[in-house]
Structure formats: structure tokens, C-alpha cells
Amino acid sequence: MDPQPSRKRLPRKVREQQMLDAAVQVFSRLGFHAASMDEVAERAQVSKPLLYLYLGSKEEIFSACIAREADRLVNAIGSAALNRGDDPADRLWHGLTAFFSYVAEHRASWVVLYQQARSQSDSLAAQVARSRSEIIDTVTELVRQSMESPARGGDGSDYAAMRRESAAVAHALVGAADALAEWALAVPGEQPQATARRLMNMMWVGLERRAKGEGYHAPEGAAGTDGPGAPRP
């Protein structure tokens with residue numbers, strides 16, 4: 001009888017990534033509390049002792065999954081948005097497309113990051129919050145650039161006010177992207193480029209008008225219309 005072929009020994013880093021891949025799938029399907037180390041080890045095709053040796057406890061593995069997937073998402077958006085020429089609209093569209101592509105291609109990762117991590121411990125929720133903050137910072141800068149024009153003090157004389165408004169718009173835009181991502185996953189055949197275009201149609205037209213100095217004027221006497229950050233005429 002021929003001897004059984006020996007299993008190829010993989011470098012530790014490669015094996016760890018395979019374990020994390022397996023863990024993401026198990027956590028996304030069962031949730032953190034229902035998932036077991038046995039199931040993760042079985043899906044990764046490793047022994048449970050090796051899983052503990054390489055990645056630690058279930059909590060440590062879940063944290064490692066969040067860190068890896070958050071970095072992947074942030075890097076995908078940043079690379080797409082910041083390496084696409086000088087036009088802020090084009091860069092934002094590419095960044096949004098990268099975001100929706102990530103969600104479509106890594107559905108299990110999205111479930112772990114945005115549906116499960118936020119409901120776990122404060123430290124895990126903080127990891128997600130940090131990655132979200134990095135995304136918002138990138139979008140804020142793109143929005144700020146889009147608002148720079150002679151009509152809105154493009155010489156930098158009102159940088160602080162513009163930065164504040166840009167940050168507010170970026171938070172709204174990222175929140176809308178989160179909601180649209182959930183919607184897109186439930187719509188058969190929805191493509192990331194189409195979802196990105198929907199969001200650009202909603203947001204960018206308004207940004208272009210704001211860049212020209214236009215703004216919404218609330219009814220006379222409405223509370224808060226004369227405070228800091230009120231639209232300039």
C-alpha cells in the first residue's frame with residue numbers, strides 16, 4: 001500500500017490567515033456567542049490546540065477578525081479614493097464603489113464588522129469605531145475639497161467653518177452608505193457601481209450647489225437658523 005501523502009506544511013502567517021478566514025465565516029453564520037472553537041478549527045482544517053496556539057481564545061480571534069477586516073475596508077476605500085486623479089467627485093465615487101464592492105465581495109466580513117461587533121464588548125465596538133473614523137476622515141477631506149471655490153472662500157479664509165460642515169456631510173454620507181449597503185445586499189443583481197451612483201446622485205448634486213454658495217433657508221423664526229454653521233446666503 002502506498003504511504004499517505006504528507007500534508008504540506010504552510011508558513012505560520014498563511015495558516016493564520018486561513019484560520020481567520022474560517023473564523024469570519026463561522027462568526028457571520030452563527031454569531032459570536034453561538035460559534036465554537038471546534039467549528040472554527042474544523043472549517044480551517046486544523047486542530048483546536050493549534051488554533052489556540054496561533055490565535056488565542058475565541059475573544060482574541062474575534063478581535064483579530066475585526067482588526068483585519070476593518071483594515072482591509074479602510075485600505076480599499078483609501079486607495080481607491082486617493083489615487084484617482086485630482087477631481088474630488090471622481091475620487092469619492094471610486095471610494096464609494098470600493099466600499100460597496102467590499103460589502104458585496106466580503107458579505108461575511110460585513111456581517112461581523114457592522115452587525116455583530118457593535119453589539120459585543122466596548123473594546124470590540126471601539127475597534128469598529130476607529131475604522132469608521134478613518135473612513136469618515138477620508139470622506140471629510142474629499143467633501144472639503146469639493147466645497148473649495150471662490151464663492152465659498154476657497155482661499156482658506158474660512159477653513160474652520162468649511163471643515164466643520166464637511167465633517168457633518170461626511171458623517172451623513174457614511175451613514176447613508178451603511179444603510180445602502182444593507183439594502184444592496186437584499187436586492188438581487190445590484191452592482192456596487194450602481195449603488196455608488198445612487199448615493200452620488202443624492203449627495204453630490206447638493207455638494208455642488210453648496211460649493212456655489214447656495215443653501216437651504218429655514219422658515220423665518222425657526223430655532224437654530226442663526227447659530228454657528230447656519231448656511232451662508
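Select Gln-45 to start: with 55% relative accessibility, Gln-45 counts as exposed, because exposed means over 50% relative accessible area, buried under 20% and partly exposed in between, with a 1.4 Å probe and protein chains only. Gln-45 sits in the loop between α2 and α3. Helices such as these are DSSP runs of H or I with at least four residues, strands are runs of E with at least two, and both are numbered from the N terminus. The phi of Gln-45 is near 60°, a positive value in a residue other than glycine. Most residues other than glycine have a negative phi.

A word on the model before the next stop. The model is predicted, so local features need pLDDT of at least 70 and side-chain atom pairs count only at pLDDT 80 or more, while totals for chains, interfaces and linings use all residues. Residues are numbered from 1 along each chain as its sequence is written, and side-chain values use heavy atoms, with hydrogens and water left out.

**The whole chain**

Show the whole protein chain as a cartoon. The protein chain has 9 helices and 0 strands. Of its 233 residues, 43% are buried. A contact means heavy atoms within 4.5 Å. Among contacts with a separation of 6 or more, 65% join residues 24 or more positions apart.

**The loop between α2 and α3**

Go back to this loop and select Val-46, which also lies between α2 and α3. Is Val-46 buried or exposed? Val-46 counts as buried, at 12% relative accessibility. Leaving aside neighbours within four places in sequence, Val-46 is in contact with Arg-15, Met-19, Ala-41 and Leu-51. Draw a distance from Val-46 to Met-19: the two are 27 residues apart along the chain, and their C-alpha atoms are separated by 8.2 Å.

Now select Asp-38, which is found in helix α2. Asp-38 is partly exposed, with a relative accessible area of 47%. Asp-38 and Lys-48 are 10 residues apart in sequence, and their C-alpha atoms are 6.3 Å apart in space.

**Helix α1**

Select residues 12–30, which form helix α1. This helix has 19 residues and reaches 27 Å from its first C-alpha to its last, close to the 27 Å expected at 1.5 Å a residue. The expected span of a helix is 1.5 Å times one less than its number of residues. Colour the buried residues of α1, which include Arg-15, Met-19, Val-24 and Phe-27. Which helices do the buried residues of α1 pack against? They pack against α2 (37–44), α3 (48–55), α4 (58–82) and α6 (107–116). Just after α1, find Gly-31, which takes a positive phi of about 90°.

Move to Arg-107, found in helix α6. Arg-107 is partly exposed, with a relative accessible area of 46%. Arg-107 and Val-24 are 83 residues apart in sequence and 9.9 Å apart in space, C-alpha to C-alpha. A polar atom of the Arg-107 side chain lies 3.5 Å from the backbone oxygen of Leu-185.

Leu-185 is one of the buried residues of α8, with Met-162, Ser-166 and Val-174 also among them. Select all of α8: its 27 residues should span 39 Å at 1.5 Å a residue, and its end C-alpha atoms are 38 Å apart, which agrees.

**Arg-144 in helix α7**

Select Arg-144, which is found in helix α7. At 9% relative accessibility, Arg-144 counts as buried. Its side chain is joined to that of Glu-141 by a polar contact of 2.4 Å. A polar contact is a pair of N or O atoms within 3.5 Å; within protein, one must be able to donate a hydrogen and the other to accept it, and residues adjacent in sequence count only if both atoms are side-chain atoms. Not counting residues up to four places away in sequence, Arg-144 touches Tyr-159, Met-162, Arg-163 and Ser-166.

**The cavity**

The last stop is a space inside the protein. A cavity is a set of points, on a 1 Å grid over the protein atoms alone, where a 1.4 Å probe fits but cannot get out, and lining residues have an atom within 4 Å of a point. The structure holds 1 cavity of 30 Å³ or more, and about 120 Å³ of space lies in the largest cavity. Of the 15 residues that line the largest cavity, select the closest to its centre: Ile-77, Leu-96, Ile-135, Val-139 and Val-174. The elements that give two or more residues to this lining are α4, α5 (88–105), α7 (122–147) and α8 (159–185). The largest share, 5 residues, comes from α5.

Technical notes:
On a 1 Å grid over the protein atoms alone, a cavity is a set of points where a 1.4 Å probe fits but cannot get out, and a pocket is an open set with protein on both sides within 12 Å along at least five of seven lines; lining residues have an atom within 4 Å of a point. Grid points are joined across faces, edges and corners, and a volume is the space filled by probe spheres set on the points.
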